[in-house]
Amino acid sequence: MISCVLFDLDGTLLDTAPDLVGALNRLRAEHGLAPLPYAGLRAVASHGSAAMVRAGFGIADDAPGFAALVARFVALYRDGLAEATAPLPGIEAVLAALEARGLRWGVVTNKPAALTGPLMAALGLAARAACIVSGDTLPTRKPDPAPMLHACALAGVSPAECLYIGDAERDVEAGRRAGMVTLAARFGYLGADDRPEAWGADGIVDAPEDILAWVAGR
């Protein structure tokens, strides 16, 4: 029986792309560059600050000044952390349904705690979550299973009782390695080259409400 549902954050629980892309375009403006279209950057939003800077400036991690750009991007993003971010459409109803059934839910993300905590609090979700594990909570992060197992310990459940949903292959890998049921979120920030059917998840969901059918069927 599933007693706890764990979510990836960016592109699975929350629609953070508007604020991430906004911060990137503010950074580009500081360097005299024109803004980039939102549609072309949405799929990058699940992959972290370095990926956003790579996409926004067309440079590699070892390029001169790359680390400084990432640090400035994070600072700009932190300043507008929850301006346009909200739960993805349908997610709030899923959370309410889980809570009504007495099931726990939580978050396991690679986003650093300095961003995850304030964001969850700003949206009124921090107090409702049974656990929040960020990318720097432990020495390792997804696809390593350690953050998943830590989330289970915090929530007081076994991995076999957990369902994990994410929109990236590393999410499915981490959940599988931890012994959880895994779902690939096709409603998330998938790029044109992403093939969730090849990730090895137990299932694929096209909308958040589909998660409830998996919970009910286990």
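## Glutamate 99 and arginine 128

In this predicted model, glutamate 99 counts as partly exposed, at 34% relative accessibility. Its side chain meets that of arginine 128 in a salt bridge, with 2.9 Å from N to O. Glutamate 99 lies in helix 5 and arginine 128 in the loop between helix 6 and strand 5, so this pair ties together parts that are 29 residues apart in sequence.

Arginine 128 also forms a salt bridge with glutamate 92, at 3.0 Å from N to O. This second pair again links distant parts of the chain, since glutamate 92 belongs to helix 5 (residues 91–100) and is 36 residues apart from arginine 128. Glutamate 92 is partly exposed, with a relative accessible area of 36%, and arginine 128 is partly exposed as well, with a value of 30%. In general, side chains of opposite charge can pair when their charged atoms come close.

The structure holds 9 salt bridges. One of them joins the side chains of aspartate 171 and lysine 142, at 2.7 Å from N to O. Aspartate 171 lies in helix 8 and lysine 142 in the loop between strand 5 and helix 7, so the pair ties together parts that are 29 residues apart in sequence. Both aspartate 171 and lysine 142 are buried. Through shared partners, salt bridges join Asp8, Lys142 and Asp171 into one network.

Proline 143 is found in the loop between strand 5 (131–133) and helix 7 (146–155).

An open sheet is formed by 6 strands in the order 5-4-1-6-7-8, with parallel pairing. Strand 5 and strand 8 (203–205) are the edge strands, each pairing on one side only. On average, neighbouring strands of the sheet are turned by 25° against each other, direction ignored.

Strand 6 (residues 162–166) and strand 7 (residues 181–185) pair in the parallel sense over 4 bridges. Within this pairing, valine 181 in strand 7 is the bridge partner of leucine 163, and leucine 183 stands opposite isoleucine 165. The chain crosses from strand 6 through helix 8 to strand 7 in a right-handed β-α-β crossover. Helix 8 (residues 169–178) packs on the sheet and touches both strands, and its direction makes about 175° with that of strand 7.

On its other pairing, strand 7 is joined to strand 8 by 3 bridges, and the two run parallel. Here alanine 185 stands opposite valine 205. Strand 7 is largely enclosed by the rest of the structure, because 5 of its 5 residues are buried. Val181, Leu183 and Ala185 point one way from the strand, whereas Thr182 and Ala184 point the other way.

## Nonpolar cores

The largest nonpolar core has 52 residues, and those that touch the most other members are Val5, Phe7, Leu13, Phe73, Leu98, Trp105 and Leu163. Helix 4 (residues 66–79) gives the most to this core, with 7 residues. A second, separate core of 15 residues includes Leu6, Val133, Ala151 and Ala174.

Beyond its neighbours within four places in sequence, leucine 98 is in contact with Val5, Phe7, Leu103, Trp105, Leu212 and Val215.

## Leucine 115

Leucine 115 has its place in helix 6 (residues 113–122). This residue is buried, with a relative accessible area of 2%. Apart from neighbours within four places in sequence, leucine 115 is in contact with Val74, Tyr77, Arg78 and Leu81.

Key
Residues numbered from 1 in each chain as written. Predicted model: local features only at pLDDT ≥ 70, side-chain atom pairs only at ≥ 80, totals over all residues. Heavy atoms only, no water. Pairing = 2+ DSSP bridges. Axes fitted to C-alpha atoms, helices over the stretch in contact; angles between N-to-C directions. Contact = heavy atoms within 4.5 Å. Buried < 20%, exposed > 50% of the residue type's maximum accessible area, 1.4 Å probe, protein only. Right-handed = clockwise from strand over helix to strand, strands pointing away. Core = buried A, V, L, I, M, F, W, Y, C linked by side-chain atoms within 4.5 Å. Salt bridge = Lys/Arg side-chain N within 4 Å of Asp/Glu carboxyl O.
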